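Hi,

Here is the structure I said I would pass on. Have a look at it first, and then read on for what turned up.

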Amino acid sequence: MIVLETERLRLEEGSLNDQVFIFNLLNSPNWIEFIGDRGIKSLTDAENYINNTLIKSYKEVGFGLYKVILKQDNSPIGLCGFLPRDFLDHPDIGYATLPKHEGKGYTSEATKAMLEYGRSTLGFKTILAITSSKNSASQRLLQKIGLNRKYNEKYTQESDDLLFSISYL
């Protein structure tokens, strides 16, 4: 199911046909370093991730991480969407892009469109983002799309991650 489109991208729900793409993305160097190793060591693991993370979220909360696809050749290049987190009061925007597609503005394009989708379609009044204090590219992206760094003492004491936020009236 297509969720939204931009000039160059289409964002749609992930499916069980995406095992190879998910395997490659979740084992990419930036995913491992900045998001964490999810133990995806086989296509079966990738299928389980799709079922237990992507599809489960769509069904249970009505949103999740969506597959980012290049319109020009129909190839999946990343994930972008919202994550409900037990320890946060608002949805968390998340994103990741395959290494060969980084630095081309795709992630910025996808996250800007996703923020608007969250505000206008899902009715989110506040959207948060979490990123590693070591991930300066992600910090720059979040600021570029309008999020501001927040300080939450309890949250930052438990990790080196930074919390960003944007609110809509």
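How many aromatic pairs does the structure hold? There are four, where a pair means rings of Phe, Tyr or Trp (its six-membered ring) with centres within 6.5 Å; planes under 30 degrees apart are called stacked, over 60 edge-to-face, and the rest tilted. Take Phe-63 and Phe-124 to begin with: their ring centres are 5.2 Å apart and the planes meet at 80°, so this pair is edge-to-face. Phe-63 sits in the loop between α3 and β3, and Phe-124 in the loop between α4 (106–120) and β6 (126–132), so the pair ties together parts that are 61 residues apart in sequence. Phe-63 is buried, with a relative accessible area of 9%, and Phe-124 is buried too, at 13%. (Buried means under 20% relative accessible area, exposed over 50%, partly exposed in between, with a 1.4 Å probe and protein chains only.)

Phe-124 has another partner, Phe-82: here the centres are 5.1 Å apart and the planes at 85°, so this pair is edge-to-face as well. Phe-82 belongs to strand β4 (residues 75–83), and 42 residues separate it from Phe-124 in the chain. Put together, Phe-63, Phe-82 and Phe-124 make one aromatic cluster.

Before going further, a word on what you are looking at. It is a predicted model, so local features need pLDDT of at least 70 and side-chain atom pairs count only at pLDDT 80 or more, while totals for chains, interfaces and linings use all residues. Residues are numbered from 1 along each chain as its sequence is written, and side-chain values use heavy atoms, with hydrogens and water left out. Helices (H or I, at least four residues) and strands (E, at least two) are DSSP runs, numbered from the N terminus.

Now to α3, residues 43–61.

Back in β4, have a look at Leu-79. Leu-79 is buried, with a relative accessible area of 2%. Leaving aside residues up to four places away in sequence, its contacts (heavy atoms within 4.5 Å) include Phe-21, Trp-31, Leu-65 and Tyr-95.

Last, strand β8 (residues 161–167). Five of its seven residues are buried, so the strand is largely enclosed by the rest of the structure. Strands count as paired if DSSP finds at least two bridges between them. Seven bridges join β8 to β6, and the two run antiparallel, with Thr-126 opposite Ser-167. Strand β7 (residues 148–150) is also antiparallel to β8, through three bridges, and Arg-149 stands opposite Phe-164.

Cheers
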